[in-house]
Amino acid sequence: MTNATISTDGLVRIERKKVSPITVAPLGDRRIDKLIVEAVLAEVLPTAIVLISKSGHYDWDARELAMAKGSTILTVKELYTFMHEADLRPFLDKNVSYNRERLEQHSRIVKCDMICESSLRLRREGSLSDVVIAIEYEYEFSEEATVRAISRHPDADIILNANPNGRATTAAYSHARDARVPIYKISELMGALNYDGDQLRTYTPPKRH
Amino acid sequence: MTEINSVLTRLLSGIEEHVAELGDIELYLFGSSTGGKAFPSDVDLLLVYADGDLLRGHDLAETIRELPVGEIYDVLVLSDSEERELEFIESEHAIRIWPIAV
């Protein structure tokens, strides 16, 4: 980024090194849904609508609507991460996109529907129930991180800690067990998804010999 | 210490209305935030609360995370017990910024 200016239509114009400038519409809303996207795009067409609130969300169908109209929605982190891309509109947080791809490859998963920028619903084959996954990224997964994840994603069945080197504290596991929302790493989740009910929530991978 | 003091000054001005609520909560800087940059882009902050005071720790952390100031605060929140379990302060060479050492 080389410069940023606010234009008369309220958009922020960002000049970038070696790639063409972009315009963004920063929004302070806690959740960006389709109605908000329609309201913004009726007035202006930014390269991206940017979710400023760190604890906020954008609905996935709102992002799809924005993309269909030639824009997109990004978090601040996504904007920073993909600032160097000529067209940054289709990009998604790497921790989310990587794990979504892994989950889509699971033999029991029929469909993987994004709900927001960091949660998705897995539709599974046969009689296995749908599962909602909240994706977080923490090196130290504390009890407070568990509270925050459940608060951010009240419909989540499982918290996926996308950090492969992450570790959860005893209190975090205890809180998650009481809330019946387990914390898994991706390798544990891939095993748990073969089961339902308590077996899904309390899955422990077999020990390697 | 000048850089750390400037981070603390900006942080405290951001949570001015909540300083009285800090009570026995401790705040530490760790990671690249302690590396000497006057204006680090991300500030890694550890908040340690007394066992049983989870919601107060959570609420204060959320206030800090959403501060509309220059820095982006990555706040790790641990209870006293969790901090002892992880030995985080020692292993990360975290620097206490609140309460201010006298």
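A salt bridge here is a side-chain nitrogen of Lys or Arg within 4 Å of a carboxyl oxygen of Asp or Glu. The model is predicted, so local features need pLDDT of at least 70 and side-chain atom pairs pLDDT 80 or more, while totals for chains, interfaces and linings use all residues. Residues are numbered from 1 along each chain as its sequence is written, chains are lettered from A in the order in which they are written, and side-chain values use heavy atoms, without hydrogens and water.

View 1. In one of them, A:Lys54 pairs with B:Asp74, with 2.9 Å between the closest N and O atoms. Helices H5 (143–152) and H6 (170–179) of chain A each bring at least two residues to the side that touches chain B (helices, H or I, have at least four residues and strands, E, at least two, as DSSP runs numbered from the N terminus).

**View 2. The area that the two chains bury.** Contact (heavy atoms within 4.5 Å) links 16 residues of chain A with 17 residues of chain B. Together the chains bury about 1500 Å², 54% of it on carbon and sulfur atoms; this is the accessible area (1.4 Å probe) lost on putting the two parts together, summed over both. A:Lys54, A:Glu140 and A:Glu144 supply 40% of chain A's share, more than any other three residues.

**View 3. The second largest cavity, lined by both chains.** A cavity is a set of points on a 1 Å grid over the protein atoms alone where a 1.4 Å probe fits but cannot get out, and lining residues have an atom within 4 Å of a point. This cavity holds about 30 Å³ of space. Its lining includes A:Glu144 and A:Arg148 as well as B:Arg65 and B:Leu76. H5 of chain A and strand E3 (72–79) of chain B each give at least two lining residues.

**View 4. The largest cavity.** About 50 Å³ of space lies here, and among the residues around it are A:Phe141, A:Tyr173, A:Tyr184 and A:Glu188. Strands E13 (167–168) and E14 of chain A are the elements that give two or more residues to this lining.

**View 5. The second largest pocket.** A pocket is an open set of grid points with protein on both sides within 12 Å along at least five of seven lines. This one has a volume of about 260 Å³. Of its 15 lining residues, A:Arg177, A:Pro182, A:Tyr184, A:Arg201 and A:Thr202 lie nearest the centre. H6 of chain A gives the largest share of the lining, three residues.

Methods:
Grid points are joined across faces, edges and corners, and a volume is the space filled by probe spheres set on the points.
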